[in-house]
Amino acid sequence: KYFRYLRYEKLIPEDITLGIPKPVIHNRRMQTFMKEDILNFFRAIDITTEKGLRDVALFILAVFCGLRIGEICGLKLNDIIDDGKDIDIAIPETLGKKHASRTIYLWKAPAIFIRQYVLIRLNQGARAESPFLITYKNKRPSQNLLSSCDVNNLIKSYAAKATIRKTKLTCHMFRATHAN
């Protein structure tokens with residue numbers, strides 16, 4: 001820029017830096033999980049409890065669907081579409097990044113866990129417009145929806161249990177893993 005300025009002011013006849021190649025700046029890629037890391041996350045969850053099934057549902061939405069953290073936290077029960085055979089996740093336009101709705105189709109095995117957690121939520125008295133994922137206090141369900149901070153804390157907690165070591169753990173890493 002300095003030489004461009006000197007050329008502009010006509011203090012030098014030409015910009016001598018024009019022949020110098022610009023440095024290549026590598027974008028840092030988002031860290032992702034390996035297949036074994038994902039399996040270790042799921043192994044660390046106690047699926048015999050309501051909270052454990054909620055956590056499995058959360059990880060399924062992150063790993064198998066590649067949802068953003070805001071989409072996961074903002075899901076309502078009526079966004080889980082179960083026709084008795086398959087389960088689809090409907091992301092309303094209010095949750096999506098580009099304000100466009102979309103539907104994600106779940107594989108059969110993960111759909112089993114989502115279906116189980118939907119039944120738990122319905123047994124808790126949840127309505128169609130109730131949050132899908134809620135917080136648990138002292139192993140008891142509250143009707144407070146899960147926040148993005150709660151999700152990232154859960155990820156860090158399960159990573160510690162599963163002895164997964166990454167420099168920075170976030171929910172977005174599951175999205176990046178899903179995209180690969």
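**View 1. Helix H5, end to end.** Helix H5 covers residues 108–123, and its 16 residues should span 22 Å at 1.5 Å a residue; its end C-alpha atoms lie 23 Å apart, which agrees. The expected span is 1.5 Å times one less than the number of residues. Helices (H or I, at least four residues) and strands (E, at least two) are DSSP runs, numbered from the N terminus. This is a predicted model: local features need pLDDT of at least 70, side-chain atom pairs count only at pLDDT 80 or more, and totals for chains, interfaces and linings use all residues. Residues are numbered from 1 along each chain as its sequence is written, and side-chain values use heavy atoms, without hydrogens and water. Just after H5, Gly 125 takes a positive phi of about 95°.

**View 2. The buried residues of H5.** Pro 110, Ala 111, Ile 114, Tyr 117, Val 118, Ile 120 and Arg 121 are buried. Buried means under 20% relative accessible area, exposed over 50%, and partly exposed in between (1.4 Å probe, protein chains only). An α-helix has 3.6 residues a turn, so residues three or four places apart point the same way. The buried residues of H5 pack against helix H3 (50–63) and against strands E1 (80–82), E2 (87–91), E4 (134–137) and E5 (140–145).

**View 3. H3 against H5.** The two axes come within 9 Å and cross at roughly 135°. That makes H3 oblique to H5. Axes are lines fitted to C-alpha atoms, for helices over the stretch in contact, and angles run from 0 to 180 degrees between N-to-C directions. Angles under 35 degrees count as roughly parallel, over 145 as roughly antiparallel, 65 to 115 as roughly perpendicular, and the rest as oblique. From H3, Glu 50, Leu 53, Arg 54, Val 56, Ala 57, Ile 60 and Leu 61 meet Pro 110, Phe 113, Ile 114, Gln 116, Tyr 117 and Ile 120 of H5. Contact means heavy atoms within 4.5 Å.

**View 4. H2 against H3.** Helix H2 (residues 35–43) and H3 have axes that come within 10 Å and cross at roughly 160°. H2 and H3 are therefore roughly antiparallel. Ile 38, Phe 41 and Phe 42 of H2 meet Val 56, Phe 59, Ile 60 and Val 63 of H3.

**View 5. H3, largely enclosed.** H3 has 14 residues and reaches 20 Å from first C-alpha to last, close to the 20 Å expected. Of its 14 residues, 12 are buried, so H3 is largely enclosed by the rest of the structure. Among them are Gly 52, Asp 55 and Leu 58.
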